[in-house]
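Please work through each task before reading its solution.

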Amino acid sequence: MQTTAARWGALAIWLATAPLLAFSGSSPSFHPGAIVDVDISLVSSDAQDLSCSWDRSAWGHTCGHRDGGRTVQAHGTLVPTVTADRKTLVVPGLFREPQVAARVAADAGRERDAQQRFVVRCRVRVLQQLSGVQVRFAAGAAFEPPSKQWLVAPLACQVLPG
Amino acid sequence: MRRKFLQSLRAPDAPLITAAIVMIVFGIGLRAQRLAFPRGLTWDEHHFVLNAKTYLAHQPDLNDHPPLGKLLIALPIHLLGDTSLAWRLAPFLLGCVNIVLVGLIAAWVAERRTAFWVGAALAAVDGFLIAYSRSALLDGMLACLCMAAVLTALRARSWPSFALASLLLGSACAIKYSAVVFVPVLLWVALSKPSALATAATLVLSPAAYTGWFSLGLWMAKQPFGPSAVVAETKRLYLHHASLTHWKHPLLSHWYEWFLPTRPIPMRNDPLSDGRMRVLTAMGNPLVWWLVNLALLFAIGSVVVALVLALRRRALGPATRRALALAGPTARRSLIVAAWCAPIVPWWVSARDSYVYHYLPAYAFGVVLVAALFADALRRFRTAAFVALLVVGQVGFYYSPVWGQNPISREGVEQRALWRRWHVGFTLRSPFDP
């Protein structure tokens with residue numbers, strides 16, 4: 001009788017853990033070559049605030065700064081962003097995407113505090129993971145310590161209706 | 001009523017049967033879910049679906065196998081239309097029958113009802129069998145008819161019922177004529193029956209069934225049909241297959257590589273917009289796969305030990321007679337070992353190109369041996385064997401995304417491809433990559 005109860009107990013544990021095993025590794029993930037949809041929360045002033053510093057280039061893209069932020073790179077296009085699921089990405093030319101550029105242009109001349117936050121959904125291709133990238137999320141602030149960031153190329157972006 | 005239910009819960013086998021039912025329902029669910037996905041042809045499906053449609057269009061079959069497998073695929077296409085669901089319906093239905101057949105043969109071998117539940121549960125959560133239930137391919141259907149023939153022969157009490165086994169074997173040959181290797185197995189069973197000669201004589205119905213199905217295919221394709229046409233076509237196909245000894249395709253594997261296996265078949269990889277993918281690999285449940293090897297060694301070992309003991313007692317004659325009569329668990333196991341060996345023998349003795357899917361009919365009988373081993377273990381170490389079965393089930397749950405094409409990340413697939421060589425089989429790398 002006791003052993004039958006023990007077997008029912010083992011069965012209950014088995015049933016409880018089965019979904020964990022069946023769904024393990026099923027969450028979306030980044031890997032080079034993947035095409036992924038990401039939601040990025042932005043405010044128009046981010047066009048001036050978001051910047052990165054990196055001494056190298058990848059896939060022809062560079063950051064706006066190098067040497068830990070001491071040197072400005074005029075042709076730097078990489079924009080550091082954080083996705084809705086808290087993943088940090090660097091996206092080349094994010095603010096040149098037509099819908100994002102239009103939204104930023106619509107906010108031109110508006111006080112920073114009066115600007116509404118918006119969400120842009122981009123379909124991106126994951127290019128590679130960069131290491132040693134320093135990011136900052138406010139103009140004039142110090143760059144954060146070097147960290148790993150995913151470099152993604154936007155294929156198309158749309159601003160979601162607020 | 002409630003009291004009766006509570007009493008049934010206290011039965012020693014109740015947890016085992018419950019676990020088996022969960023695994024069977026889960027396995028059927030994996031086979032059935034999104035069966036129509038993808039809507040295009042994958043892996044080798046084009047060989048069989050396109051030729052199934054040529055039968056419906058009364059045009060010649062260009063595939064190099066007899067017609068029955070393609071006729072089985074053609075029937076749902078004829079009834080339901082040319083959809084991806086219809087292409088895969090016959091392999092799915094026969095794949096579900098495989099679950100029951102493994103259970104029934106296991107129950108016969110072990111002479112215990114619990115072996116049915118164990119066998120069916122193991123077959124249900126095995127990816128090799130699942131992949132061939134989800135694809136418009138022949139090997140799952142071939143395994144089904146081979147097992148049905150052997151089971152019918154084992155259970156036959158008179159020569160008319162054995163005749164049904166012969167017809168089933170002939171039908172299996174009409175899917176892929178490699179099933180002819182089961183003739184000695186059925187002959188062994190026939191000779192163990194009371195009216196041995198009359199029973200064995202019914203084996204002539206196998207070529208009759210083969211000829212019948214082949215003629216039906218030729219007739220549908222508006223080609224000459226009848227025994228002489230079937231002989232000519234069979235000879236043509238045989239010569240074609242005999243010439244396939246190039247060993248160039250990267251997924252080819254020798255029979256001795258199937259025990260690991262070294263080259264599982266990658267069937268499908270559909271990328272999703274969020275970076276995940278839907279994957280179908282023909283790699284089985286690794287634990288069941290390796291337990292098949294173990295069960296074979298155990299079965300062969302127990303037969304050898306039984307023979308040695310008989311020799312010591314100078315009773316080889318009675319022991320052999322007993323074995324041929326299939327009495328006792330050792331003799332029953334030796335018959336299933338023979339059924340496991342039969343589909344592999346052609347690959348031992350020939351240099352013909354071979355793939356791991358040629359192992360499927362043998363593997364199904366291997367799962368039977370595992371179930372019989374479990375049934376034995378359950379008798380002596382009930383709780384430990386029960387927990388071991390649960391572990392097999394857990395491995396099945398863990399691998400289920402790559403059998404049921406559930407969304408999974410690349411990392412998730414990599415975790416399941418235990419061995420770097422399996423990366424091809426798990427669709428992480430092209431077989432044509434250097």
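**Exercise 1.** Determine how α9(B) and α12(B) are oriented to each other: parallel, antiparallel, perpendicular or oblique?

*Solution.* Step 1: helix α9 (residues 159-173) of chain B packs against helix α12 (residues 205-220) of chain B at an angle of about 45°, and their axes are 7 Å apart. Helices here are DSSP runs of H or I with at least four residues, strands are runs of E with at least two, and both are numbered from the N terminus. Axes are lines fitted to C-alpha atoms, for helices over the stretch in contact, and angles run from 0 to 180 degrees between N-to-C directions.

Step 1: angles under 35 degrees count as roughly parallel, over 145 as roughly antiparallel, 65 to 115 as roughly perpendicular and the rest as oblique. α9(B) and α12(B) are therefore oblique to each other.

Step 2: the contact includes B:Leu167 and B:Gly170 of α9(B), and B:Tyr210 and B:Trp213 of α12(B); residues are in contact if their C-beta atoms, placed from the backbone, lie within 7 Å. By class, this contact has 10 nonpolar, 4 polar and no charged residues. Nonpolar covers Ala, Val, Leu, Ile, Met, Phe, Trp, Tyr, Cys and Pro, charged covers Asp, Glu, Lys and Arg, and the others, Gly among them, are polar.

The model is predicted: local features need pLDDT of at least 70, side-chain atom pairs count only at pLDDT 80 or more, and totals for chains, interfaces and linings use all residues. Residues are numbered from 1 along each chain as its sequence is written, while chains are lettered from A and ligands numbered from 1 in the order in which they are written.

**Exercise 2.** Find the angle at which α6 and α18 of chain B pack.

*Solution.* Step 1: helix α6 (residues 113-124) and helix α18 (residues 360-380) of chain B pack at about 135°, with axes 8 Å apart. α6(B) is therefore oblique to α18(B).

Step 1: among the residues that meet are B:Val118 and B:Leu122 in α6(B), and B:Ala371 and B:Phe374 in α18(B). The contact has 12 nonpolar, 2 polar and no charged residues.

**Exercise 3.** Which element gives the most to the side of chain A that touches chain B?

*Solution.* Step 1: the contact takes 28 residues from chain A and 30 residues from chain B. Step 2: α1 (2-23), β1 (35-42) and β7 (118-136) of chain A each give two or more residues to the chain A side. Step 3: α1(A) gives the most, with 13 residues. The chain A side has 16 nonpolar, 9 polar and 3 charged residues.

How values were computed:
Contact = placed C-beta atoms within 7 Å.
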